[in-house]
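Please open the model in your viewer and keep the selection panel at hand.

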Amino acid sequence: MPSRQLLAFQIGCWAALVSAAVHLAGHIIGPQPTTPAEATVLQVASNVVLQLPGASRSLMDLFSGFSLALALFLAFWGGLGLMLARRARHDGPLMYAVARTMAGAAVILLVISLTDWFIVPSVCIAMMAISFAVAAVRAPDMGSGLGSQP
């Protein structure tokens with residue numbers, strides 16, 4: 001993988017790690033209601049308990065669990081990518097395959113973000129998707145003119 005594509009891949013990984021940190025900070029700060037209606041919704045979501053198989057949880061408990069899981073997922077994604085970029089940088093087919101997979105997953109996550117979340121995670125995820133997509137584009141073979149080798 002050429003160094004500029006490896007750099008794009010690493011930028012995508014760092015964007016995932018920054019996204020995880022921003023998401024975790026937002027989780028720790030928690031929702032800040034600005035109107036009485038928002039305060040009421042948060043109070044109801046925190047106090048109404050759902051009877052789920054094997055557990056009783058409030059909607060806020062579920063929200064918090066998924067929020068922490070997303071931060072962990074993004075941190076793992078970025079960390080694993082950086083480890084691969086360091087250890088497998090000379091294994092072009094592996095790096096292209098990983099970059100394509102990460103680009104595809106980031107695009108799907110971006111669609112989810114654009115339809116269900118708000119601008120801050122969407123911008124972070126867009127940065128990841130663009131970086132991984134740039135890294136996934138295989139450079140043309142400049143040697144024999146017969147195309148790139150697998």
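Begin by selecting helix H1 (3–29), helix H2 (36–47), helix H3 (59–87) and H5, each of which supplies at least two residues of the lining of the largest pocket; helices here are DSSP runs (H or I, at least four residues), numbered from the N terminus. This is a predicted model, in which local features need pLDDT of at least 70 and side-chain atom pairs count only at pLDDT 80 or more, while totals for chains, interfaces and linings use all residues. Residues are numbered from 1 along each chain as its sequence is written, and side-chain values use heavy atoms, with hydrogens and water left out.

Within that selection, H3 gives the largest share of the lining, ten residues. To find the middle of the pocket, pick His23, Phe63, Ser67, Trp117 and Phe118, which lie nearest its centre among the 27 lining residues. A pocket is an open set of points on a 1 Å grid over the protein atoms alone, where a 1.4 Å probe fits, with protein on both sides within 12 Å along at least five of seven lines, and lining residues have an atom within 4 Å of a point. The space in this largest pocket is about 860 Å³, a volume filled by probe spheres set on the points, which are joined across faces, edges and corners. Coloured by class, the lining shows 19 nonpolar, seven polar and one charged residues, where Ala, Val, Leu, Ile, Met, Phe, Trp, Tyr, Cys and Pro count as nonpolar, Asp, Glu, Lys and Arg as charged, and the others, Gly among them, as polar.

**Second stop: H1 against H3**

Now keep H1 and H3, which pack at an angle of about 155° with their axes 8 Å apart; axes are lines fitted to C-alpha atoms, for helices over the stretch in contact, and angles run from 0 to 180 degrees between N-to-C directions. H1 is therefore roughly antiparallel to H3, a word used for angles over 145 degrees. Among the residues that meet here are Trp14, His23 and His27 in H1 and Ser67, Gly78 and Leu82 in H3, contact meaning heavy atoms within 4.5 Å. By class, this contact has 15 nonpolar, nine polar and no charged residues.

Next select helix H4 (residues 92–116) and helix H5 (residues 119–136), which pack at an angle of about 155°, with their axes 8 Å apart. That makes H4 roughly antiparallel to H5. The contact includes Tyr96, Arg100 and Leu110 of H4 and Pro121, Ile125 and Phe132 of H5, and its classes are 18 nonpolar, two polar and one charged residues.

**Last stop: H1 against H4**

Finally, show H1 with H4, packed at an angle of about 40° with their axes 11 Å apart. The contact is made by Gln5, Leu6 and Phe9 of H1 and Met95, Tyr96, Val98, Ala99 and Met102 of H4.

Notes
Angles under 35 degrees count as roughly parallel, over 145 as roughly antiparallel, 65 to 115 as roughly perpendicular and the rest as oblique.
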